[in-house]
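User: I would like to learn how to read strand pairing and chain contacts in a model such as this one. Could you take me through it step by step?

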Amino acid sequence: MRVGIVTFPGSLDDNDAARAVARAGGEPVRLWHADRDLRGVDAVILPGGFSYGDYLRCGAIARFAPIMSELVPAARVGLPVLGICNGFQILCEAHLLPGALTRNAGLHFINRDQRLRIESTGTAWTYHYTPGQEIVVPLKSGEGRYVASAAMLTDLTDGGRVIARYLGRDPNGSAAGIAGVSNAAGNVVGLMPHPEHAIDTLTGPSADGLGFFAAAVSRTTAGQVSA
Amino acid sequence: MAEGGTVSSRAPGAAGTGQDTVEDAACTPERAQPYAELGLGTAEYERIVAILGRRPTDAELAIYSVMWSEHCSYKSSKVHLRRLAATMARSDALLAGMGQNAGVVDVGHGYAVTFKIESHNHPSYVEPHQGAATGVGGIVRDILAMGARPVAVMDSLRFGPADAPDTRRVVPGVVGGISFYGNCLGLPNIGGELAFDRCYAGNPLVNALCVGVMRHQDLKSAAASGPGNKVILFGAHTGPDGIGGASVLASATFGDASAGSAAKRPSVQVGDPFMEKLLVECCLELFGAGIITGIQDLGAAGVSCATAELAAAGTGGMRVELDAVPLRDPSLGPAEILMSESQERMMAVTEPGSVAEFMRICAGWDVPATVIGEVTGTGRLVMTWHGDVVVDIPPSTAADEGPVYDRPAQRPASQDALAADDAAALPRPGGAAGLRDTLLALLGSPDLAAKTWVTQQYDRYVRGNTVLAVPDDAGVLRIDEDSGLGVALATDGNARYTRLDPYAGAQLALAEACRNVAATGARPLAVTNCLNFGSPEEPAVMWQFAEAVRGLADGCAALGLPVTGGNVSFYNQTDNAAIHPTPVVGVLGVHDDVRDRVTIGFVSPGARVVLLGETRPEFGGSAWAHVMHGHLGGSPPRVNLISERQLDHTLMAAAAGAMVDAAHDLSDGGLAVALAESCLRGGLGCQVRLPGDPFVWLFGESAARAVVAVRPGRESAFTQLCADHGVPATVLGTVGGDKLDVEGCFAIPLTELAAVHEHTLPALFD
């Protein structure tokens, strides 16, 4: 499986995402923000970082990058897309996912090894996990506080679209402890913590994050979510 | 700078542009110039006149004022640093040494590593957030200029008393600035130091370290060679920020703290980490394209420094059109452009035929680039402003031939009284309860408390190669995924020790950094340093400096380690109060395979806890004396570099042979604090029994010691290893349980230790 990783100016975890894809047995394909070309990939990852410096709202400028004009329509017809951290912010700005990410409750950037509970396994990126499974992956963000309207939060919960919640001490004040959500079809997922930094215990707190990348790589008809 | 009025760049001259030209300067020798306001002495000004055979133009005066500043010229430290170079250990690993932007060492497999630490003290006091942020940006460009990809940063921080109101202004600003810049730039922060002391109240220390990796053949030189080659300025546009940062800010003492810092705010630069990230990627693509003849970062003294140093190190001449420099503020004149320290800029030399490709690569990263001049064979650095010549100097007179002072150095008489005031005479804790209270007090003191409040604001994971970071003894990075080749880095400096004895203190800092690196299993390979001192115009400070440099030189020679470069920061004082002499030593070590790394944490129940080294009743400058008595006096721990070396080799061999699964260097707070940290890191307690006076064993700070946990089954091999290396090994007990249990003294639950350890910094700064 060929998994595209988009590099925007200011993307930082693009190499890490590529490494994680390769570790999971996939072929990472580098995509450039200024190209209107997805190079025929089977899935796309928007990596962490500070696209265009994020001096405006995080992700607000990346949303208008040329590559997004290809990615958004493809995502709407089922292309699996995972946005990690800044990628999650970009997906919200691009209206592929509901809600928004705002400044952490404590106003500090927070980097910690974060316990998460996988809530929904019915998405293109989480079906390698079991419902309720606890994993530990690094969280590292200054604007990771998920917010959405009360009605939307209800929809997300009822629709099985909350894919992961924070466990233990609240890191950033996210509504309902939400760490990640998916679109209704389950092909587009946004996650604030960084599974690409948890692919082995040498460089990460665990190898728990590999499941996200393995999902993209081993995607079969059975595992695929209908769009 | 417009408000300061010290640079009369808009003074009417004879030429049509309104600038002071070389022609004007020759005709108006009597014109008074503001050299004193720019930080130059009368004799220095006269020397410039003698070099040029006329008065300097305003633009030339700007160049000399920043290039001859203490910060850029090392004029007070040079005579001592030369001694450091002369006594330095020969090392085959050294590919580029002192005097370069950063030292470069061979780490094997064709890889080279470059690293350097630099101060940004005064800017970080005036404007903590931007001051610290641009400190990171500056050191990263130094590493980049060597041809390397920057791969990690560290920061060594010292502030006034933790509970002082101004410290609550400075600490969050500095930490936030490092977090803002380093995180956005995408460099993991893998370690450093945090200390508090009254002596830094008006002058905090912010020392930033960066490490970079390259292949041997990628090494770049900062030289403008080949007449006709083009000089390109690229990166951010030049603005009026940081004008005179090197001279009026970095090379002068703070006067009245509040008024002085407000007046100096325009001398602090403003950072844009996003532009720096683009600049890094752009430079690496330029390097890869093979079209860079020479490259230099723009840091202190900006365009002045880059042009003068590139020209002086190359063919010798350069012609620059200053009006071609892209400006953020179009009202800037030549002198201001020359003195501006606007961030995120680089200067490169390329062949004329490569200019188009150079521009194409820069455009791909949205990095502005402008040809501003070319290399010449004239031996002169000539700069024009709309056609008029405003600078015409021999570049080496600015870059290399600045004034050198052998300033008077005198051991102050008060040093004897300080040494006589022995900490051994202080009242010691009585009984088991007293020892327990002492440990908790130390563990919760700002210097020894958990650094989580700081480190959780830094990204330590980005780039995916961070193997160890704070709270382990050293930061460890993987360089090569296939072989596991990696490096370890530690910075250390105990200013209390150095205050008591600058020679020994510098050696203790060096020895501690080596121990920290060796504790992870790495082989110490090279040394960098950041020497933070008071005013060199005070003989007592100069004595401290000379002694510290001598100690460092002797120490490096004894340990067989080359000093690859460093930085001197003088004038760290407010009015007449100098900081403690604070040499910060950074040591780089090599891991043949990072998978063999050892952490400080106790992780195996039943592992044998062994103390390596000799314990003596040494309390001068100790954390116990400082925290419990507010006392500083006596002598620092005895230095024995042979013992240090034996210990380091034992730790390295124990890691390589998988004999230990925890190793922790003993330093501030002694064995008690080290055991507590190892328990907390690994989440397991230990039961130990002390062989002598518990107070001395728990809190003494004898050097050349470490505590290890020997893997079950490897006890006899480890005992043999220690014997082979001549390292005393004392079996203390075993790992296990959920308490730090010191027989006959106390048994403290890890939950209680953790609460005390973690509580302090959030309570102070949140």
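User: How many bridges join strand 22 to strand 26 of chain B, and do the strands run parallel or antiparallel?

Analyst: Strands are DSSP runs of E of at least two residues and helices are runs of H or I of at least four, both numbered from the N terminus, and two strands pair if DSSP finds at least two bridges between them. Here strand 22 (residues 608-612) and strand 26 (residues 729-735) of chain B run antiparallel and are joined by five bridges, with Arg608(B) standing opposite Thr734(B) of strand 26. This is a predicted model, in which local features need pLDDT of at least 70 and side-chain atom pairs count only at pLDDT 80 or more, while totals for chains, interfaces and linings use all residues. Residues are numbered from 1 along each chain as its sequence is written, and chains are lettered from A and ligands numbered from 1 in the order in which they are written.

User: In what order do the seven strands of the open sheet in chain B lie?

Analyst: The order is 23-25-22-26-24-27-28, with mixed pairing, and the edge strands, each pairing on one side only, are strand 23 (660-665) and strand 28 (746-749) of chain B.

User: Which helices and strands of chain B each supply at least two residues of the side that touches chain A?

Analyst: Residues are in contact if their C-beta atoms, placed from the backbone, lie within 7 Å; by that criterion 24 residues of chain B contact 22 residues of chain A. Helix 8 (165-185), helix 11 (273-289) and strand 14 (466-468) of chain B each supply at least two residues of that side of chain B.

User: How many helices and strands has chain A?

Analyst: Chain A has five helices and eleven strands, and its C-alpha trace spans about 40 × 40 × 40 Å along its principal axes.

Technical notes:
Contact = placed C-beta atoms within 7 Å.
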